[in-house]
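Open the model in your viewer and keep the selection panel at hand. The stops below go from a helix pair to the domains and then to the ligand.

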Amino acid sequence: MEARQLRIGVIGGDGIGPEVVREAIKVLSAVSPPASLAFDELPYGADHTLETGVTLPPGEMERFARDYDALLLGALGDPRIPDMRHAVDILMGARRKLDLYINKRPVRLLQDRLTPLKDRHRGDIDLVIFRENTEGAYAGIGGALKAGTRDEVAVTEMIATWKGTDRIVRAAFEWARANGRRRVCMASKYNAIPHAHGLWARVFREVSAEFPDIEATALFADVVAMELVRDPTRFDVIVTSNLLGDILSDLAAQIVGGIGLAPSANIHPGRTSLFEPVHGSAPDIAGRGLANPLAAVLTGAMMLRHLDRREDAARVEAAVDRVLHEGSTTPDLGGTLTTAGVGDAVVEALGRDR
Ligand SMILES: NC(=O)c1ccc[n+]([C@@H]2O[C@H](COP(=O)([O-])OP(=O)(O)OC[C@H]3O[C@@H](n4cnc5c(N)ncnc54)[C@H](O)[C@@H]3O)[C@@H](O)[C@H]2O)c1
């Protein structure tokens with residue numbers, strides 16, 4: 001039976017975003033049956049914002065939800081737009097308007113040589129971070145008084161709702177159970193943030209009681225940061241709030257090879273979801289062929305798996321494994337290939353798996 005054509009809205013974005021997304025599309029097109037994926041490349045990003053004055057046209061996010069099976073994003077961030085209003089409208093806008101409450105960030109050591117940790121091997125580090133993606137300190141609530149003066153008072157509210165906390169904690173436990181994982185750890189700061197994170201602690205206790213087969217541990221986020229370096233083998237799934245998840249996932253990415261290898265998904269089950277590498281637009285290396293496209297390629301594999309193209313996703317991951325094994329990488333991982341060269345190497349490795 002012919003696979004249904006999936007429509008993917010693509011926002012390359014800024015800096016290295018378009019460069020790495022181009023390679024992801026190259027690999028996804030190579031692994032998928034002909035015409036089974038349609039990529040709709042969208043112009044949004046810093047250039048578009050500066051040229052038109054519009055970050056995202058009204059109604060566009062709603063159209064994405066109607067027209068696309070998924071969104072693939074490179075990165076947003078440009079020094080010419082210091083207030084990041086385009087990223088706020090596009091990326092934060094998607095997370096909020098499409099209610100993409102699960103930010104899923106797998107952290108897996110693929111090659112021994114990629115970890116800076118001593119005596120850690122492939123298989124030792126294999127965890128998934130479930131970061132709450134719509135609330136916390138990133139909810140956008142706050143304001144400033146007497147801005148720009150020495151009397152300035154700036155307030156950002158951190159919010160936690162029962163519903164928002166329950167659904168992300170539940171998603172973490174359900175994923176653990178469905179994927180044969182034994183442990184879920186909550187990272188919070190309920191000692192120092194008693195109201196918002198006190199709610200997290202209570203919800204975590206309640207939800208964990210429904211999953212007696214899964215070992216539930218509540219740790220302070222600073223302890224989790226420490227433990228990720230000291231003994232990452234103790235984690236299967238980490239569930240945490242928006243701000244803490246942002247920080248812990250960058251730390252976690254570093255122990256498996258850096259953000260050039262870190263994929264992520266912004267998900268609302270059953271709805272149009274958004275897939276993006278963890279890294280930003282890296283203006284320091286943009287346009288020089290130095291960007292590692294593997295985070296974007298692995299992000300593409302997450303997207304395929306989410307869209308039920310499991311075999312294709314596994315083939316992409318195996319090809320990335322092979323490329324890493326052979327050392328066909330960009331300079332951040334010690335190789336000499338360009339961004340496009342790594343994309344070609346993954347496509348070539350795919351061709352060898354038949
Ligand atoms: N989701 C997003 O779109 C997102 C995420 C983080 C940062 N940003 C934005 O990106 C801009 C730059 O932010 P930053 O410098 O803090 O973070 P960054 O992730 O862009 O870069 C951090 C460092 O990692 C390197 N790096 C990043 N991706 C790489 C890759 N694929 N291959 C090789 N090296 C890579 C960069 O060269 C830089 O030295 C800012 O405007 C920031 O707000 C966007």
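In which hand, left or right, does α9 pass α10? α9 passes α10 in a left-handed crossing, that is, the near helix is turned anticlockwise from the far one by less than a right angle (clockwise would be right-handed).

Before selecting anything, note that this is a predicted model, in which local features need pLDDT of at least 70 and side-chain atom pairs count only at pLDDT 80 or more, while totals for chains, interfaces and linings use all residues. Residues are numbered from 1 along each chain as its sequence is written.

**Stop 1: α9 and α10.** Select 294–306 for α9 and 310–325 for α10. Helices are DSSP runs (H or I, at least four residues), strands likewise (E, at least two), numbered from the N terminus. The two axes come within 7 Å and cross at roughly 160 degrees; axes are lines fitted to C-alpha atoms, for helices over the stretch in contact, and angles run from 0 to 180 degrees between N-to-C directions. α9 and α10 are therefore roughly antiparallel (over 145 degrees; under 35 is roughly parallel, 65 to 115 roughly perpendicular, the rest oblique). On the α9 side, show L294, V297, L298, G300, A301, L304 and R305; they meet R310, D312, A313, V316, E317 and V320 of α10. Contact here puts C-beta atoms, placed from the backbone, within 7 Å. This contact divides into 8 nonpolar, 1 polar and 4 charged residues. Ala, Val, Leu, Ile, Met, Phe, Trp, Tyr, Cys and Pro count as nonpolar, Asp, Glu, Lys and Arg as charged, and the others, Gly among them, as polar.

**Stop 2: α5 and α6.** Select 162–178 and 194–209; these helices pack at about 45 degrees with axes 9 Å apart. α5 and α6 are therefore oblique to each other, and their crossing is right-handed. Residues of α5 including W162, V169 and F173 meet residues of α6, among them W200, V203 and F204.

**Stop 3: the domains.** Colour 1–101 + 271–354 as domain 1 and 102–267 as domain 2; the bounds come from an automatic or database domain assignment. Their C-alpha centres lie 23 Å apart. Across the boundary, 27 residues of domain 1 contact 26 of domain 2. α9 gives the largest share of the domain 1 side, 6 residues.

**Stop 4: the ligand.** Of the 21 residues around the ligand, G77, G260, H279, G280 and N292 come nearest; a residue is near if its C-beta atom, placed from the backbone, lies within 6 Å. The shell has 12 nonpolar, 6 polar and 3 charged residues.

Definitions and conventions
Contact = placed C-beta atoms within 7 Å.
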